[in-house]
Amino acid sequence: MKTGMTKGLEKSVNKHGSVLKAFRSQGGGAAGAIAGGITLLIFGVLLGGISMLGLGVRGMLIGAVFCAPGLLLIIPGVIKRNKRINSYLDFYQKETGYSVEELQQADQEMMSADKVCIVSKTDRAKEEVLFMISAHYFLSVWPVKGCYLVKLEDIVAAFHSCQIPGIGGYREGVHIISRQDIKKNGTKNPFTGKQYEGYTNSLMGEQRDAEKTCRETVEEIAKRAPHVITYQNIMVNGVQYNLLSMDNWQADWARILSE
């Protein structure tokens, strides 16, 4: 569904003053450590309180056995999480190759009224933003890392497919191939043995309306970037290409782009 930000994302963006920073604040190993530490701390306090009724001071010691490791998880977890959040620009610079100025432009566009959010419901009936498209940028949620960001002008192909290689079988989703991707060597498609590369949102498998979500996303990208190839299987100069199963990734793309 094409719409604005969900209330949860909007609250996080307002808190951090940045879309990129808000996504970077989610996930990561530090979040798991903090959650585990809080669980141990709560359990220790409850256990200690109950044990005190029958054991007195010794009950407090029993609770402390769980509270201490909880604190040892929480404190470094908070430090690591803050470092992760505060260094978000450095992270995205390394991931994208874009300058700080370009990243800041992307942030401003993602917070403007002109951007479009593609929102979908998960199997748990929870609405979440999967993709954001602005005047010049495309953003996708990227679990653990934060978000995948690419300029629309750098996208070579964006298409819906049910044949994206994944663990245990093919996956469905929007597959993005960028100019940065076609410069790489390509990776082996485990099902065809041929080459492919690109980015796919791994959360798509949890969505109720994946096909509609993918179609709307591709349509919005194509509307703002007409040069983008929007089909997985294309014919170029009489030669058929499957963009997820190519004989020689770099050479095939060189021929496609030269026509």
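Asn201 has a relative accessibility of 2% and is therefore classed as buried, a term denoting under 20% relative accessible area, with exposed denoting over 50% and partly exposed the range in between (1.4 Å probe, protein chains only). The structure is a predicted model, in which local features need pLDDT of at least 70, side-chain atom pairs count only at pLDDT 80 or more, and totals for chains, interfaces and linings use all residues. Residues are numbered from 1 along each chain as its sequence is written, and side-chain values use heavy atoms, with hydrogens and water left out.

The chain contains nine helices and 12 strands, assigned as DSSP runs (helices: H or I, at least four residues; strands: E, at least two) and numbered from the N terminus. Of its 259 residues, 45% are buried. Among contacts (heavy atoms within 4.5 Å) in the chain with a separation of 6 or more, 62% involve residues 24 or more positions apart.

Asn201 is located in the loop that links strand 10 (199-200) to helix 8 (210-224). A polar atom of the Asn201 side chain is placed 3.5 Å from the backbone oxygen of Leu130, and a polar atom of this side chain is also found 3.3 Å from the backbone oxygen of Val141. When neighbours within four places in sequence are set aside, the contacts of Asn201 include Phe131, Ser140, Arg171 and Val174.

Ala210 belongs to helix 8 and, with 10% relative accessibility, is likewise buried. Beyond residues up to four places away in sequence, Ala210 touches Glu172 and Met204. The C-alpha atom of Ala210 lies 9.2 Å from that of Lys121, although 89 residues separate the two along the chain.

Notes. Polar contact = N/O pair within 3.5 Å; in protein donor to acceptor, adjacent residues only side chain to side chain.
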